[in-house]
Amino acid sequence: MTETAPDLPEAANRRFASQAFTSGLTVPDFAACLQMGLEPVGYVQGFCVMQWGWYGLNSPYRRGISPYSGGQGGYMESWQCPHGFVSNEHRSWGQNYEQSWIEDAWGQGFGTAYSRMLEEAAAVGAHGVVGVVDTADRLGDLGVLEFHLRGTAVKVTDAPAPARGQPWTTYLAGQRLAKLIEAGYMPISVAAAVSSVRVWAYCMTEFLLEGTSSTWGMQPAGAEIIQVASAQMAARQIAREHVRAQMAGDSLHGAELVVSEHQLSEGDQEIQCLLRGNRVRRFKDFDPMPVPHPTVRLS
Amino acid sequence: MSISGQLGDPPPTPVDIKAELRRAVGTLHDPQPSKMQSMTSDLSIDEELILHSVGWEPIELVCGVSLYSVPMGVWNWGQGEITSASAAYARAFEGAIDRIHRECAKAGGHGVVGVQVDRSIHRHHIDVTLLGTAVRPVGAKQVDAAHVFVSDLSARDFTLLHVSGWQPLGLAVGASFVYAPRRSIGVALQQKSQNVELTNFTEAMYAARESAMERMQSSAITMGGTGVVEVKVTEGPMDFARHAVGFAAWGTAVRLVAENHRPLKPSMVVPLDDPMTGFEATALRGN
């Protein structure tokens, strides 16, 4: 039934070699998979524990002394104080910039856990992995992040070996997966990416975030906080660009965007956007269903 | 109301899902990617299919964000409406709507459906985030940002509106922030042992709710709408200033574009599925 994969823990190889299969599917999803010719062959998973030094001495994550020290390629915008020199504490410049090293570290952690999950799937001879669940949780207070991907490896009845030996993957399972196939889409892989944008507030942003100060006479009573709005838009845009780069002409279906903000100090924050979804490819021509007829349930 | 095949219609040709799956898996051996246009969408497969059924398609995940400052000191005790906060709320929505309009138009969309509206009110700023999927009639040409609609209706509700001859026009929004009225010490002492209506409270809250609704309605009229559907109303004191109460209302402005409203005439159905879907051990205890 299975090949022995040298990189997997011994227990995993023993588990896959046993006669029983394991599955993370609910009973309805399990039944739906069998109905469409998908045979669960094993619960597969991949892990990766990552650490990256955000505040190392030479880390560009720290606030620098030059307004132009942050950018490492990618998105960057700078703002200049309109007041001239006021004091050493005055935020005479501000900057938004993409923290590509954080995005890369996240991608490395996710990608490694993903490839390990695929390795397990390949070890059980699966064509695909359905019902994928991914998490990235902090391990206690160690300051490290554990990426965990798991799903149910499946074989397609009477189908040839997977293309290029690479199983396909999807967050969907059961009825939703059946509808996707029926609608003419084949899942290719799960797609996920993180964007990270750092905001170093300049004086006007700081004043507006803390309540407009009319002392400076530069802003009306209320004003849009352009620097932060711009960073928020950029973070979402970058996450979409990263995922689009994984699409290679395919489509992203059932996307989910999760945004988190971390206040690192007054006027200094990080905006992180995680975008995930199913990369799908149309395998048959567009064939819209007829206009549905509405019904009212009487119970 | 749910959507399903019409009772009495001839049953659709059953799809051999196993054969379809094998066909789909077979295409993975073809290194050529799909020739269809790439899209990104947060719609479910059901929503996408239902959009396709009325000739629309999703094209791009789009968003709009705006933060608008609230001047220092406006939450301090006062009388009547906190106009700076009400204005900041409106400006934050305008900024976010303007940005999602532009993203939608740039992607070639004619509108955005299923918009998630996230609002957060802080002491010194009000943040609004909108996220949804840009859609257009299949193969339609690009339109100007000014002609794009933004709607928090789901793709299913958009389809229902569409088939009944209505068109969404945009998000209609209204808000009003007020100070909870204060009583003089004399009045407070006088009323302490009475069962009495606090008319100043009633009137202030009543007026604020009506102001929020009126502003939402005015914004719908400005867009050319004749009504607002799926109105959400939120209200409550501010976490950081319990004496200040905010009322907000938003929904999708709509207008009839067909000559007459086309009734949907839904069929009545009695589902035969048993609501009891699982075995519960507690049922054995006779509770």
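In the predicted model, Asp137(A) stands opposite Glu146(A), a residue of β5(A). The strands concerned are β4 (residues 128-138) and β5 (residues 145-156) of chain A, which pair in the antiparallel sense over 9 bridges. Both strands belong to an open sheet of 4 strands in chain A, whose order is β1-β5-β4-β6 and whose pairing is mixed. The edges of this sheet are formed by β1 (38-50) and β6 (168-169) of chain A, each of which pairs on one side only. In general, the strands of a sheet pair through backbone hydrogen bonds, in either a parallel or an antiparallel arrangement.

Strand pairing also occurs between the chains. Strand β10(A) is joined to β9(B) by 3 bridges, and the two strands run parallel. Within β9(B), Val269(B) is the residue that stands opposite Arg297(A).

Contacts between the two chains involve 62 residues of chain A and 62 residues of chain B. On the side of chain A that touches chain B, at least two residues are supplied by each of the helices α4 (174-182), α5 (203-210) and α6, and likewise by each of the strands β8, β9 (268-282) and β10 (293-297). The largest share of this side, 8 residues, comes from α6(A). Classified by residue type, the side of chain A that touches chain B comprises 32 nonpolar, 16 polar and 14 charged residues.

Most residues other than glycine have a negative phi. Ala248(A) is classed as exposed because 12 other C-beta atoms lie within 10 Å, and a residue counts as exposed at 12 or fewer.

In chain B, a positive phi of about 50° is found at Lys265(B), again a residue that is not a glycine. Lys265(B) lies in the loop between β8 (241-256) and β9 (267-269) of chain B.

How values were computed: Residues numbered from 1 in each chain as written. Chains lettered and ligands numbered in written order. Predicted model: local features only at pLDDT ≥ 70, side-chain atom pairs only at ≥ 80, totals over all residues. Buried ≥ 20, exposed ≤ 12 C-beta atoms within 10 Å, placed from the backbone. Pairing = 2+ DSSP bridges. Contact = placed C-beta atoms within 7 Å. Nonpolar A, V, L, I, M, F, W, Y, C, P; charged D, E, K, R; others polar.
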